Amino acid sequence: MSFLLLIEQILNGLQSGVMLFLMSAGLTLIFGVMGLINLAHGSLYMVGAFAAAAVAAATGSFTLALIAALAAAALAGVLVEIVVIRRLYARDHLDQVLATFALILIFSEGTRWLFGSFPLYLDVPRALSGPVHLPGGIAYPAYRLAIIGIGFAVAAALFLLIAKTRVGMRIRAGESDREMIGALGVNISVLYTAVFALGAGLAGFAGALVGAIQSVQVGMGEPVLILAFVTIVIGGIGSIRGAFVGALLVGLTDTLGRVLLPVAFGTFMDPSAATSIGAALSSMSIYILMAGVLLFKPTGLYGSA
Amino acid sequence: MGRREFLINTVLALGLLVVPLWAHVNDQPYIITLTTKVAILALAGVGLNLALGLGGLVSLGHAMFFGIGGYAAGILASHAQSYAPLMEWPFTVEGTQSMPVIWMVALFASALAALVTGALSLRTSGVYFIMITLAFGQMFFYFTISWPAYGGEDGLSIYVRDHFPGLNTLVPIQFFAITYVLLGIALFVVARIARSGFGLALNAARQNETRVRAVGIEPYRLRLAAFVISGTITGLAGALFADLNRFVSPTMFSWQTSGEIMVFVILGGVARLFGPVAGAALFILLEEVLGGLSDYWHIYLGVLLLVVVLFARGGLIGLLAGEGKGDD
């Protein structure tokens with residue numbers, strides 16, 4: 001294992017971490033403000049990726065594709081919130097799980113019906129398709145580096161939005177006391193729709209960005225959804241900062257585990273056994289991390305009881 | 001349980017028996033296989049219903065136990081088929097194709113998994129619990145995919161269905177009889193549990209944890225016991241499902257499987273003894289009817305589920321039996 005490869009893997013871990021943050025931030029906001037567990041968040045990620053792939057195929061512009069992803073996912077979010085989700089805020093978690101599970105079925109099959117079962121491909125924009133030469137002789141794909149940058153920028157913007165703006169103030173107020181801000185004259189149902197649309201837009205944006213690295217297909221959202229759940233359990237539900245720390249931890253653990261564990265086992269085992277045990281263990285590494293955090297802090301790193 | 005619900009349960013129990021017998025007489029093996037599937041999926045749902053309905057534990061990870069039961073059957077059978085011992089040190093363990101032995105292993109393995117994951121997940125509650133059980137289920141899913149010894153992503157085939165002493169399990173109606181009897185036993189056990197002191201305390205802990213604590217009962221231990229029993233029943237269903245398909249694959253562990261088991265419970269009616277039976281029957285019926293009409297039948301399933309959750313919370317049995325569950 002060379003040092004250069006390690007740096008490259010750390011960058012990969014950061015890249016998957018910041019994308020995971022875009023997913024988890026929406027989930028954790030929606031839970032924090034509305035008290036809703038949304039399994040269909042992965043479907044919004046998928047909607048973003050499909051919208052981006054369709055627009056990129058039609059226009060050839062990656063920027064337009066990203067805008068389309070953001071808009072389509074946010075629009076789908078608004079629609080779903082008004083038609084279904086709104087009725088679930090007062091329900092228990094079981095009803096929320098089931099209704100949003102039903103939404104996944106509808107979204108997934110609907111997308112399959114519209115676009116077919118074959119994966120679509122979204123090309124990386126030409127300007128970012130080559131490698132970037134980093135100091136120390138590391139050649140790293142420019143697009144992935146751009147994703148890391150965009151991820152951090154969105155995270156910073158989100159922190160500013162929540163900490164400094166009027167909307168952010170209302171969101172924070174909604175997290176601490178829903179009834180009170182309603183009583184103070186804030187239109188709570190508009191606020192809820194806006195928060196849901198914000199979360200949905202972030203998920204769709206992440207879907208489009210990741211869609212250019214992986215393929216765009218039905219069911220792409222659910223593995224990410226489950227990673228996002230692990231992330232916010234680790235970070236503490238409702239905490240944006242927790243989601244950020246958790247996302248980077250999960251991204252790095254997952255990526256580095258896949259590379260380092262087989263190598264570590266290889267030092268005292270024969271290579272083929274080390275590869276299979278290392279691969280099997282690394283697939284479990286983030287769940288072991290989650291279990292470890294729960295043992296010491298059942299409400300996550302930044303969670304409140 | 002009201003009189004109407006008792007009547008519905010009787011009709012369901014008899015219906016599940018009469019349909020395959022009719023199919024046997026009229027030589028319709030496919031219908032027997034479908035009803036066997038209903039019995040097995042209902043058994044998985046009966047397991048979840050204990051945790052979900054009685055204990056209020058919204059587990060989205062029951063595919064974990066379903067898969068463990070399935071793989072217990074698949075792994076033991078694959079070793080018996082290849083005559084390679086499962087392990088040789090410190091003592092030799094051979095594979096087996098005997099159902100009772102496989103069931104014991106499946107029960108034990110799923111109980112152990114439920115004990116470990118339950119002990120961890122029950123430290124939390126509410127939405128954390130949902131996410132954590134889901135995550136543990138996925139952990140097993142990815143583990144089976146990346147573990148090459150037992151087929152990895154491709155799964156394992158059981159070439160000849162496992163044996164049960166005195167029966168020919170390859171005859172559909174005889175295999176159905178096994179699943180029907182096991183479902184009956186599980187329903188009996190769960191009904192007894194619900195009426196026992198343990199069941200009452202568990203139900204009370206779901207409704208008002210503080211009060212239960214105040215009379216000196218620790219909800220954590222009740223819930224852990226319920227979660228283990230629940231996981232064990234679902235694990236047994238997994239072993240039977242493996243034998244029904246003569247195939248196991250990581251799909252059994254997938255989160256969609258967890259979701260579907262939950263859907264049986266909900267479509268039928270949460271906390272109703274026969275809810276999972278009604279739900280599994282309805283699910284298979286829909287799969288056959290709607291699946292024949294359209295490749296995208298999951299859309300209709302999704303819409304139906306949405307309607308049930310939003311507007312008909314008692315599920316099928318709640319709709320037919322009318323009266324409330326007698327709590328909440």
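Predicted model: local features only at pLDDT ≥ 70, side-chain atom pairs only at ≥ 80, totals over all residues.
Let's start where the chains meet. The contact draws on 35 residues from chain B and 35 residues from chain A. On the side of chain B that touches chain A, the elements giving two or more residues are α5 (126–146), α10 (255–268) and α12 (297–311). Which of these gives the most? That is α5(B), with 14 residues.

Now let's go inside chain A. Have a look at helix α1 (residues 3–34) and helix α8 (residues 188–211) of chain A: their axes come within 8 Å and cross at roughly 165 degrees. Because of that angle, α1(A) is roughly antiparallel to α8(A). The crossing of α1(A) past α8(A) is left-handed. If you'd like to find the contact on screen, the residues from α1(A) include M19(A), L22(A) and I30(A), and those from α8(A) include Y192(A), F196(A) and L209(A). Sorted by class, this helix contact has 20 nonpolar residues, two polar ones and no charged ones.

My last stop is the hairpin, also in chain A. Strands β1 (residues 131–134) and β2 (residues 138–141) of chain A run antiparallel and are joined by four bridges. To place yourself, find V132(A), whose bridge partner in β2(A) is Y140(A). Three residues lie between the strands of this hairpin, and G136(A) takes a positive phi near 95 degrees there.

Technical notes:
Residues numbered from 1 in each chain as written. Chains lettered and ligands numbered in written order. Contact = placed C-beta atoms within 7 Å. Axes fitted to C-alpha atoms, helices over the stretch in contact; angles between N-to-C directions. Parallel < 35°, antiparallel > 145°, perpendicular 65-115°, else oblique. Left-handed = near helix turned anticlockwise from the far one by under 90°. Nonpolar A, V, L, I, M, F, W, Y, C, P; charged D, E, K, R; others polar. Pairing = 2+ DSSP bridges.
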